[in-house]
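Visitor: Please take a close look at a single part of this model. I would like one connected account of it.

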Amino acid sequence: MILRRLLAALLHSPQLVERLAESRPIRRAAQLTAFVLLQAQLHGQDAARRLRALAAGAAGSLGCRAARFRDTFIQELRRSLRERPRPPPGSQKGPGANP
């Protein structure tokens, strides 16, 4: 408790704050802090740019992939309908069957 009050009183002293600000370790800590913040900002912007490009490319390729899937599905369905064995005549059941 006493240490906290003593520290608060010292930090409210303008002369002490100025001397600390001019000290080499505090200046170096400020430089490193500014460097880290700037690098984080640049990396964040780069990641956001890549993510936007990926999302834009994925939306376009998704449409192409869906169209290709549809075409392939239709081709396979038609081929399987052509290749399936036909039932012998007269073995049909239902309303259109011959009695």
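Guide: L20 is partly exposed, at a relative accessible area of 38%. This is a predicted model. L20 sits in helix α2. It belongs to a nonpolar surface patch of about 420 Å², made by L7, L11, V17, L20 and I26. Two helices each supply at least two residues of that patch: α1 (2–11) and α2 (14–21).

Now the setting. The protein has three helices and zero strands. From the N terminus, the order is α-α-α. Of its 99 residues, 0% count as buried. The protein exposes about 9600 Å², with 64% supplied by carbon and sulfur atoms.

Next, the charged side chains. Side chains of opposite charge can pair when their charged atoms come close. The whole structure holds five salt bridges. One of them joins R50 to D46, with the closest N and O atoms 3.4 Å apart. R50 and D46 lie four residues apart in helix α3 (residues 24–83), so about one helical turn separates them. R50 is exposed, at 54% relative accessibility, whereas D46 is partly exposed, at 30%.

Another salt bridge pairs E76 with R79, at 2.3 Å from N to O. These two are three residues apart in helix α3, again about one helical turn. E76 is partly exposed at 39%, and R79 is partly exposed at 35%. Salt bridges with shared partners also link D46, R49 and R50 into one network.

R70 and D71 form a salt bridge too, their closest N and O atoms being 3.1 Å apart. R70 is partly exposed at 48%, and D71 is partly exposed at 38%.

Methods
Residues are numbered from 1 along each chain as its sequence is written. This is a predicted model: local features need pLDDT of at least 70, side-chain atom pairs count only at pLDDT 80 or more; totals for chains, interfaces and linings use all residues. Side-chain values use heavy atoms; hydrogens and water are left out. Patches are made of residues with over 30% relative accessible area and no salt bridge: like charges are joined within 9 Å, nonpolar side chains (Val, Leu, Ile, Met, Phe, Trp, Tyr) within 5 Å. Accessible areas come from the Shrake-Rupley method with a 1.4 Å probe; for residues, only the protein chains shown count as cover. A salt bridge is a side-chain nitrogen of Lys or Arg within 4 Å of a carboxyl oxygen of Asp or Glu. Buried means under 20% relative accessible area, exposed over 50%, partly exposed in between (1.4 Å probe, protein chains only).
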